[in-house]
Amino acid sequence: MRVLVTGAAGFIGAALSERLLERGDEVFGIDDLNAYYDVKLKQARLARLRDHAGFRFSCVGIENAEAMQQRFGVFEPQRVVNLAAQAGVRHSIENPRAYVDSNLVGFANLLECCRHHEVEHLVYASSSSVYGSNRSLPYSVRDPVDHPVSLYAATKKANELMAHVYSHLFALPTSGLRFFTVYGPWGRPDMALFVFTRRILAGDPIDVFNHGRHTRDFTYVDDIVEGVVRVLDHIAEPDAAFDPLHPTPATSNAPYRLYNIGNNRPVQLSSYIETIERCLGCTAMQRMQPMQPGDVPDTAADIAELAQDTGYAPSTPIEIGVRRFVDWYRDYYRE
């Protein structure tokens with residue numbers, strides 16, 4: 001297939017693009033290479049993709065409507081995976097405009113491109129952050145998500161609503177994936193595993209928020225990519241059992257689906273840090289901190305719908321995933 005991947009220089013986008021190329025798909029990668037974190041890391045990911053004959057790349061932001069229409073016209077993608085977004089819960093408190101431009105304006109541009117170029121299936125990244133102050137665990141895609149606690153989460157919920165409109169009005173098949181704390185080699189430098197590893201190796205203290213008591217459904221990147229590919233190949237269809245008198249957020253009488261994509265095995269932050277320490281052979285100096293604004297105490301993914309529809313079954317234990325990251329980090333940074 002011809003697959004257009006936005007955010008192709010990002011953590012998940014690069015891993016997904018490599019997987020698609022390895023199975024023989026053509027991939028057109030789009031990324032604006034912004035400076036939210038180290039651009040050299042993004043370029044290093046792209047360098048690996050450029051070894052594949054089926055890969056093309058364009059440096060452009062999805063908020064540029066004219067440029068996006070031009071790229072769609074050149075590549076004529078059959079399917080699209082949107083992983084481009086301004087990421088980060090806490091950064092959305094400090095710089096809200098970036099989230100409006102990329103996550104709202106950019107996503108609207110992408111929907112228009114998919115509509116006018118008759119794309120077979122749009123798969124897009126949502127986030128576990130949409131569950132906000134919901135305390136019913138594990139999180140289910142059938143739960144209401146009307147109380148976000150960060151602008152980032154609000155933009156992701158808005159993406160789900162915008163996608164449903166296009167599925168309803170224009171019969172555009174869309175599938176939204178609520179990612180749960182992705183980690184692994186080539187990860188983002190602002191994520192906990194990266195920050196902890198760097199600071200522990202440097203002998204610097206780490207800030208442990210909520211005193212290490214909160215839990216996260218840490219999900220290894222290869223398991224995430226496997227899920228994305230399975231959803232991409234499983235084109236969303238109208239739910240014949242959808243009841244408009246008792247609607248669920250997860251499905252529709254339009255070709256629309258929402259899925260949780262996680263590990264389904266939450267780990268307490270204190271245990272996660274212990275795993276990192278074992279893999280590094282170092283003990284962390286910990287500074288206990290209260291909960292940060294925009295954070296939630298716990299996350300846990302109910303992945304029943306994704307497993308039922310695609311056979312998704314994450315298989316990477318936290319010990320193996322963290323070990324692989326540490327090995328990559330030491331090799332990449334020569335530490």
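I searched the whole structure and found 1 cavity of 30 Å³ or more. On a 1 Å grid over the protein atoms alone, a cavity is a set of points where a 1.4 Å probe fits but cannot get out, and lining residues have an atom within 4 Å of a point. Grid points are joined across faces, edges and corners, and the volume is the space filled by probe spheres set on the points.

Before going on, I noted that this is a predicted model, where local features need pLDDT of at least 70, side-chain atom pairs count only at pLDDT 80 or more, and totals for chains, interfaces and linings use all residues. Residues are numbered from 1 along each chain as its sequence is written, and side-chain values use heavy atoms, with hydrogens and water left out.

The largest cavity has a volume of about 50 Å³. I listed its lining residues, among them Phe 11, Tyr 183, Arg 188, Leu 193 and Phe 325. Strand 7 (182–183) and helix 7 (192–202) are the elements that give two or more residues to this lining. Helices (H or I, at least four residues) and strands (E, at least two) are DSSP runs, numbered from the N terminus.

**Entry: the nonpolar core**

Next I looked up the largest nonpolar core, which has 94 residues. Such a core is a set of buried Ala, Val, Leu, Ile, Met, Phe, Trp, Tyr and Cys residues joined through side-chain atoms within 4.5 Å. Buried means under 20% relative accessible area, exposed over 50%, and partly exposed in between (1.4 Å probe, protein chains only). Tyr 272 is one of the residues with the most contacts inside this core. Leaving aside neighbours within four places in sequence, I found Tyr 272 in contact (heavy atoms within 4.5 Å) with residues including Tyr 183, Phe 218 and Val 322.

**Entry: paired charges**

I then turned to salt bridges (a side-chain nitrogen of Lys or Arg within 4 Å of a carboxyl oxygen of Asp or Glu). The structure holds 15 of them.

Which residues does Glu 160 pair with? One partner is Lys 157, with the closest N and O atoms 3.8 Å apart; both lie in helix 6 (residues 151–170), about one turn apart. The other is Arg 178, at 2.8 Å. That pair links distant parts of the chain, since Arg 178 sits in strand 6 (residues 174–179). Glu 160 counts as buried, at 0% relative accessibility, and Arg 178 also has 0%.

Methods:
On a 1 Å grid over the protein atoms alone, a cavity is a set of points where a 1.4 Å probe fits but cannot get out, and a pocket is an open set with protein on both sides within 12 Å along at least five of seven lines; lining residues have an atom within 4 Å of a point.
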